[in-house]
Amino acid sequence: MPKMCSAEYLEKVKQLSDEESERLLSRMAGSLPKRLAKHKLSQTEALALQMEIEDEHLQEWRKMRLELKNRDEEEKKKVKSKEEKGKDGKAEGKKKS
(Lines give C-alpha, C1' and ligand atoms only; values in the text may rest on other atoms or scores of the structure.)
Protein backbone atom coordinates (compact mmCIF):
# COMPACT_ATOMS: atom_id res chain seq x y z
CA MET A 1 0.00 0.00 0.00
CA PRO A 2 1.33 3.47 -0.81
CA LYS A 3 2.48 5.38 2.26
CA MET A 4 2.13 8.84 0.79
CA CYS A 5 -0.73 10.04 -1.34
CA SER A 6 -0.06 11.88 -4.55
CA ALA A 7 -1.03 15.50 -5.10
CA GLU A 8 -3.28 14.40 -7.96
CA TYR A 9 -5.44 12.29 -5.66
CA LEU A 10 -5.48 14.96 -2.95
CA GLU A 11 -6.96 17.34 -5.51
CA LYS A 12 -9.54 14.75 -6.58
CA VAL A 13 -10.57 14.21 -2.95
CA LYS A 14 -11.10 17.93 -2.44
CA GLN A 15 -13.60 17.88 -5.30
CA LEU A 16 -15.69 15.04 -3.80
CA SER A 17 -19.09 15.77 -2.29
CA ASP A 18 -19.76 14.77 1.32
CA GLU A 19 -21.75 11.75 0.12
CA GLU A 20 -18.97 10.62 -2.23
CA SER A 21 -16.41 11.00 0.56
CA GLU A 22 -18.58 8.97 2.89
CA ARG A 23 -18.94 6.18 0.33
CA LEU A 24 -15.20 6.12 -0.26
CA LEU A 25 -14.58 5.93 3.49
CA SER A 26 -17.01 3.03 3.78
CA ARG A 27 -14.97 1.00 1.25
CA MET A 28 -11.73 1.44 3.18
CA ALA A 29 -10.04 -1.81 4.15
CA GLY A 30 -6.77 -3.04 5.54
CA SER A 31 -4.67 -0.73 7.65
CA LEU A 32 -6.11 2.52 6.31
CA PRO A 33 -9.02 2.70 8.80
CA LYS A 34 -6.63 1.96 11.67
CA ARG A 35 -4.20 4.66 10.55
CA LEU A 36 -7.10 7.09 10.21
CA ALA A 37 -8.45 6.20 13.67
CA LYS A 38 -5.03 6.63 15.27
CA HIS A 39 -4.69 10.05 13.60
CA LYS A 40 -1.64 8.99 11.64
CA LEU A 41 -3.48 10.18 8.53
CA SER A 42 -5.90 12.99 7.95
CA GLN A 43 -9.25 12.07 6.45
CA THR A 44 -8.22 13.75 3.20
CA GLU A 45 -5.01 11.71 3.02
CA ALA A 46 -6.85 8.49 3.81
CA LEU A 47 -9.44 9.22 1.12
CA ALA A 48 -6.69 10.01 -1.40
CA LEU A 49 -4.92 6.75 -0.61
CA GLN A 50 -8.17 4.80 -0.87
CA MET A 51 -8.96 6.41 -4.21
CA GLU A 52 -5.47 5.61 -5.48
CA ILE A 53 -5.80 1.98 -4.36
CA GLU A 54 -9.19 1.66 -6.05
CA ASP A 55 -7.82 3.17 -9.27
CA GLU A 56 -4.95 0.65 -9.24
CA HIS A 57 -7.37 -2.22 -8.69
CA LEU A 58 -9.58 -0.94 -11.49
CA GLN A 59 -6.63 -0.80 -13.88
CA GLU A 60 -5.62 -4.36 -12.93
CA TRP A 61 -9.21 -5.54 -13.43
CA ARG A 62 -9.44 -3.87 -16.84
CA LYS A 63 -6.16 -5.44 -17.91
CA MET A 64 -7.29 -8.90 -16.78
CA ARG A 65 -10.66 -8.46 -18.47
CA LEU A 66 -8.98 -7.49 -21.74
CA GLU A 67 -6.70 -10.54 -21.52
CA LEU A 68 -9.68 -12.82 -20.92
CA LYS A 69 -11.59 -11.23 -23.79
CA ASN A 70 -8.65 -11.70 -26.14
CA ARG A 71 -8.18 -15.30 -25.02
CA ASP A 72 -11.90 -15.97 -25.54
CA GLU A 73 -11.78 -14.46 -29.04
CA GLU A 74 -8.78 -16.65 -29.92
CA GLU A 75 -10.65 -19.74 -28.72
CA LYS A 76 -13.67 -18.81 -30.81
CA LYS A 77 -11.46 -18.35 -33.88
CA LYS A 78 -9.89 -21.78 -33.33
CA VAL A 79 -13.29 -23.45 -32.97
CA LYS A 80 -14.65 -21.68 -36.03
CA SER A 81 -11.57 -22.63 -38.03
CA LYS A 82 -11.93 -26.28 -37.03
CA GLU A 83 -15.63 -26.25 -37.92
CA GLU A 84 -14.91 -24.78 -41.35
CA LYS A 85 -12.19 -27.36 -42.02
CA GLY A 86 -14.57 -30.10 -40.97
CA LYS A 87 -17.30 -28.84 -43.33
CA ASP A 88 -14.84 -28.55 -46.23
CA GLY A 89 -13.64 -32.10 -45.71
CA LYS A 90 -17.19 -33.47 -45.66
CA ALA A 91 -18.14 -31.50 -48.77
CA GLU A 92 -15.12 -32.82 -50.68
CA GLY A 93 -15.88 -36.36 -49.60
CA LYS A 94 -19.41 -36.13 -50.98
CA LYS A 95 -18.19 -34.82 -54.34
CA LYS A 96 -15.77 -37.72 -54.81
CA SER A 97 -18.44 -40.36 -54.18
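What percentage of the 97 residues of the protein chain count as buried? The share is 18%, where buried means under 20% relative accessible area, exposed means over 50%, and partly exposed lies in between (1.4 Å probe, protein chains only).

The model is predicted: local features need pLDDT of at least 70, side-chain atom pairs count only at pLDDT 80 or more, and totals for chains, interfaces and linings use all residues. Residues are numbered from 1 along each chain as its sequence is written, and side-chain values use heavy atoms, with hydrogens and water left out.

**Figure 1. Overview of the protein chain, with four helices and zero strands.** Along the sequence, the pattern reads α-α-α-α. Helices (H or I, at least four residues) and strands (E, at least two) are DSSP runs, numbered from the N terminus. Among contacts with a separation of 6 or more, 63% join residues 24 or more positions apart; a contact means heavy atoms within 4.5 Å. The accessible surface of the chain is about 8200 Å², and carbon and sulfur atoms contribute 51% of this area. Accessible areas come from the Shrake-Rupley method with a 1.4 Å probe; for residues, only the protein chains shown count as cover.

**Figure 2. Salt bridge between K14 and E11 in helix α1.** The whole structure holds six salt bridges, each defined as a side-chain nitrogen of Lys or Arg within 4 Å of a carboxyl oxygen of Asp or Glu. In this pair, the closest N and O atoms are 3.7 Å apart. Because K14 and E11 are three residues apart in helix α1 (residues 7–14), about one helical turn separates them. K14 is exposed, with a relative accessible area of 60%, whereas E11 is partly exposed at 45%.

**Figure 3. Salt bridge between E19 and R23 in helix α2.** The side chains meet with an N to O distance of 2.9 Å. Both residues belong to helix α2 (residues 18–26), where four residues, about one turn of the helix, lie between their positions. R23 is exposed, its relative accessible area being 51%.

**Figure 4. Salt bridge between R27 and E54.** An N to O distance of 2.8 Å links the two side chains. R27 lies in the loop between α2 and α3 (32–37) and E54 in helix α4 (residues 43–96), so the pair ties together parts that are 27 residues apart in sequence. Both residues are partly exposed, R27 with a relative accessible area of 45% and E54 with 24%. Elsewhere, salt bridges that share partners join E8, K12 and D55 into one network.
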